[in-house]
Amino acid sequence: MLITIVTYNPDVNFVGNMIKMIKNKDKDYKVLVIDNHSRLQVEELRELADYFIQFDKNYGLGRAYNHAIKFAKELKEKYVMFLDQDTTILDSFNPNKVIKEAEELKQIDTVILSINIDNALIREEIPNSNFYIAKGIFNSGMILNRSYAEKNPFFEDLFLDRLDHEFIYRAKKLGYLPLVYREKMILHKPGENLNEFHSLCGKILTNVSLLLYGKNSNKKEYKYYRYYTNFLRYYLMLRNDIYLWLRRKIYTNYWKIIIADILIMCEVLGYKKSMKWSLRAIKYGISGDLDKDNKELFEK
């Protein structure tokens with residue numbers, strides 16, 4: 001199996017320890033690091049990884065994933081796995097066991113697997129197995145059948161956010177079910193931390209969320225949002241959600257997520273600045289010229 005870690009200005013010591021832990025788990029695991037043109041020195045990772053590729057620009061996560069899939073073909077690897085640069089490897093880490101059990105399942109094409117149960121939207125359990133069928137899974141911990149991924153590459157123009165949402169939605173439309181393994185093998189928390197809502201926009205989102213979903217869930221969770229230092233993460237979420245929803249490349253109820261995206265951007269940036277970036281997101285989401293927008297944002 002080829003295990004790919006895509007990096008951009010990473011904590012080199014943390015990623016280095018990830019690689020060491022993976023290699024200690026099974027000598028058959030091959031680790032590929034694809035660096036998206038970090039401004040930091042990452043030469044230590046070149047020495048630790050089995051394979052190291054550094055892009056001349058920041059081309060985003062989708063381009064890196066598709067490159068890894070092609071690289072896995074050259075190595076004649078049947079499966080490729082993705083891990084984020086901030087993912088923690090647990091003692092239970094054993095993706096080979098997951099693949100073996102998945103291949104033993106009957107009447108299910110196991111082309112998309114995940115060992116990241118914490119960040120999966122579970123739909124139902126598969127009887128007499130350690131798997132759940134999921135409505136959605138995150139990038140980190142995703143295991144793909146390489147042949148399937150070759151024919152169904154990631155949509156690179158999304159650049160980063162919603163890449164996994166679109167990929168899984170497309171797979172389900174093709175009749176494939178993403179499977180999540182019961183045992184937790186990694187830890188991955190989207191966002192740098194959780195911040196509490198304080199602005200009017202945030203309070204509106206909290207109250208609406210409580211009204212819609214709060215009856216049967218933990219009400220405290222709606223008082224917080226995932227915080228990112230770089231506000232462009234919120235912009236990409238909004239832009240990409242608009243793009244995908246308008247073209248029916250995502251679930252129809254994503255209009256609710258779009259409203260939440262706008263309110264969170266307002267919370268983070270304030271009214272004036274969030275208005276500017278929301279209008280830009282709407283413009284590019286509608287026009288669909290994501291490549292042009294990505295170049296303006298990330299290739300300066």
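Which residues are buried in H3? This is a predicted model, and the tour starts by selecting helix H3, residues 61-75.

**Stop 1: H3**

Colour Leu61, Gly62, Ala64, Tyr65, Asn66, Ala68, Ile69, Phe71 and Ala72, the buried residues of H3. Next, show what these buried residues pack against: strands E1 (2-7), E2 (30-35), E3 (51-54) and E4 (79-83), together with helices H5 (146-151) and H6 (163-173). For the length of H3, take the distance between its end C-alpha atoms, which is 21 Å; this agrees with the 21 Å that 15 residues should span at 1.5 Å a residue.

**Stop 2: H8 and H9**

Select H8 (residues 232-246) and H9 (residues 254-269), whose axes come within 9 Å and cross at roughly 160 degrees. An angle over 145 degrees counts as roughly antiparallel, so H8 and H9 are roughly antiparallel to each other. Their crossing is left-handed. Show side chains at the contact: on H8, they include Tyr234, Met237, Leu238 and Trp245, and on H9, Trp255, Ile258, Ile262 and Met265 are among them. The residues of this contact comprise 14 nonpolar, two charged and no polar.

**Stop 3: H9 and H10**

Select Ile262, Met265, Cys266 and Leu269 on H9, then Tyr271, Lys273, Ser274, Trp277 and Ser278 on H10, to see the contact. Six of the residues in the contact of H9 with H10 are nonpolar, two are polar and one is charged.

Methods: Residues are numbered from 1 along each chain as its sequence is written. This is a predicted model: local features need pLDDT of at least 70, side-chain atom pairs count only at pLDDT 80 or more; totals for chains, interfaces and linings use all residues. Side-chain values use heavy atoms; hydrogens and water are left out. Helices (H or I, at least four residues) and strands (E, at least two) are DSSP runs, numbered from the N terminus. The expected span of a helix is 1.5 Å times one less than its number of residues. Buried means under 20% relative accessible area, exposed over 50%, partly exposed in between (1.4 Å probe, protein chains only). Contact means heavy atoms within 4.5 Å. Axes are lines fitted to C-alpha atoms, for helices over the stretch in contact, and angles run from 0 to 180 degrees between N-to-C directions. Angles under 35 degrees count as roughly parallel, over 145 as roughly antiparallel, 65 to 115 as roughly perpendicular and the rest as oblique. A crossing is left-handed if the near helix is turned anticlockwise from the far one by less than a right angle, and right-handed if clockwise. Ala, Val, Leu, Ile, Met, Phe, Trp, Tyr, Cys and Pro count as nonpolar, Asp, Glu, Lys and Arg as charged, and the others, Gly among them, as polar.
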